[in-house]
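Please consult the structure shown below.

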Amino acid sequence: MSRLAGRIMLLSGVSRVFIAFLAGLLTVLTQPPFGIFAAAFVSFPVLVWLIDGAPGDPERGLLGRLWPALSIGWSFGFGYFLGGLWWLGNALLIEADLFAWALPLAVVGLPAVLALFYAFAVALARCIWSDGMGRIAALAFGFGIAEWLRGFLFTGFPWNAIGYALMPMPLMMQSASVVNLATINMVAVFVFAAPALIATGKGARAGLAVAVVLFAAHLAFGFYRLAQPAPQPLTPELTVRLVQPVVDQAMKLDDRERASVFEEHLALTTVPGQDGGKRPDIIVWPETSIPFILTDNPDALARIAEILEEGQVLIAGAVRVEDAGAGLPRRFYNSIYAIDDRGQIIGAADKVHLVPFGEYLPFEDVLASWGLSAVAASMPGGFSPAQTRTLLTLPGGRTAYPLICYEAIFSDEIEGNARLADILLNITNDAWFGDTPGPRQHFHQARLRTVETGTPMIRAANNGISAIVDARGVLVVGLGYNYKGVTDTILPGKMLSVTDAATRGRIFWLAAGMLFLVAAFSRTGFNIRKN
C-alpha cells in the first residue's frame, strides 16, 4: 500500500486531477441505489495521498499556494456530483422543445458549481495539513464545514451529503438520533480516510484506533436501538392508504388528460382493502396529484365526496391559488389539501422551500426577459413560497408535519419543529427523473428524517418510492418504482430521540472544534520538525 500511496503522491498535472475525478466518481457507489459504503475506504485514502503530494508554491500568493488543493478538491467533487446527479437532466427532456438546451447546465454545470464546496473543503484542510492523524482530522474538519455551508448557501442543496454514505441501512442510521447530519459528515470522512495512515505509517495506530472506535460505536448503537421494541401504533390506530398512480409526467402536463389523471387517482382510492383488512382512515395522493385548481372545480370536490366513506380523509397534492389584491397577479402555491368525506377542504399547507429554476425563477426580472421560465411551474411567475409551515390535523386529532418534494432533504429546517407533530408527511413526484438513481436517493434522504426526529413518515409518490417508514427508519410497507397500485397499513407511533436539535448543533461545533485543534497541534509539531 505504501508503494501505491507513493505513486499517487508523485502524480502531477492532468494525471493528478484525473485520479481525483475518478476517486470522486468511485464515491458515488456509496449512495443509492448502490449503497456500497466500502467504496469510500478506497476513494478517501486516495484523496489524502493526492493532497499529500500537492504542496503549493510558497513563492506565490495565497491562491497560488492553495491552487493544487483547490484543483484536487474540485476534481473530486466534480466526479462525485457528476456521477451522482446526472439524472437531473431527465426533467428537462419531459418538455424537450422548451428545455433541452439547458441539459448541459443541469448535467455538467450544477456538478461543477457544487464541486466548489469540495474545493473549499480540501483547501481549508490544506491550510492545517500535516502528517499523521492530524491531516485526517483536517480533512474531516474541511468537509464538515463545507457540507454545513452547502446545506443553506444559495437556498441550500445538501443532496447526497457525504454522511449518507455511512448510513446505507437502518442498522447504520441510528446514530442520527444522537447527532445531526453535519456531525455524521465529519465522522464519515474521518473513518473513510483513516486507512490512508496505513501506507504512510506516522500516527497510524492512534488514527486507526479512533476510526475503529467511531465505526464500532456507530454499529453497536444501531444494534442496540433496533433491538428495542418497535414503536407501537398511534392510539387510536390510524390505517393509511398510499396511492401510487404512476402517471407519466408528459401526460400530467397535457391539458387534455387532466380529467383522466384525476379519475385514475379516484379509482385507486376505492380499491377494496387488502386481504380483508381495515378500511383506510387516511388516503394519501402524491404531489400535484390534482391536475387543476381544485377551488375552481366544485365538481371535483363533489367527486371526492362521492368516493370517500364516512370519516375518511383524503390528503392530496395540488396547486393552490390566492388573490394578491386588485391589479396584482394571482399567487400560486405548491400545496397539500386535507379533504373530508363531505368534499370540504379542512386543512391546507403550502411548500416553504421551493426549487430554484424548477418551481420559481431566481432574478426573474432579468432571466424572464431572456425567455427563461421555471421547469416545473407552468403558471406565470412560478410558485410562491409559504412564509410558515402549517401542521395538518388528521383523524383522531393527530398532526402531520408536511414536506413537499425535496423539502425532506433539509435536515436542519425540519428537525426541531417536526417533533411537535405525530407524523412526517412527504408527498413528491419523482416521475420527473425517470427510472434513475434520483428517486432512490430522494427516498433514502427522506427516510433519515424519521430517525432524526423519532417520528414515522408517510411518503406518497406519483412514481418513485411510496412508503410508510417507522421512527427508526425501518420500512413498514412500500411501493417500488413503476409499481402502480395502493398499499394499506397501520401507522406506527413516535419514538424518543436521544438529543434535541439545539444539543445536536452544539455537538457539531464541539466536534468541529476538536478536529480543528487536533489538526492545528499536529500542524504546529509538523512545522517544528520540518524546521
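An open sheet of 6 strands runs in the order β5-β4-β3-β2-β1-β12, with mixed pairing; two strands pair if DSSP finds at least two bridges between them. Because β5 (345-350) and β12 (485-490) stand at the edges with a single partner strand each, one side of each has no neighbour in the sheet. The model is predicted: local features need pLDDT of at least 70, side-chain atom pairs count only at pLDDT 80 or more, and totals for chains, interfaces and linings use all residues. Residues are numbered from 1 along each chain as its sequence is written, and side-chain values use heavy atoms, with hydrogens and water left out.

**Sheet**
- From one strand to the next, the twist averages 30°.
- Strands β3 (residues 313-322) and β4 (residues 331-339) are paired in the antiparallel sense over 9 bridges.
- Within this pairing, Val 321 stands opposite Phe 332 in β4.
- Helix α13 (residues 258-269) packs on the sheet and touches β1 (239-244), β2 (282-284) and β12; contact means heavy atoms within 4.5 Å.
- The direction of α13 makes about 145° with that of β1 (axes are lines fitted to C-alpha atoms, for helices over the stretch in contact, and angles run from 0 to 180 degrees between N-to-C directions).

**Arg 225**
- Arg 225 lies in helix α11 (residues 204-227); helices (H or I, at least four residues) and strands (E, at least two) are DSSP runs, numbered from the N terminus.
- Arg 225 is buried (under 20% relative accessible area, 1.4 Å probe, protein chains only).
- Beyond its neighbours within four places in sequence, Arg 225 is in contact with residues including Gln 174, Val 451 and Met 495.

Conventions
Buried < 20%, exposed > 50% of the residue type's maximum accessible area, 1.4 Å probe, protein only. Lys, Arg positive; Asp, Glu negative; His and termini not counted. Salt bridge = Lys/Arg side-chain N within 4 Å of Asp/Glu carboxyl O.
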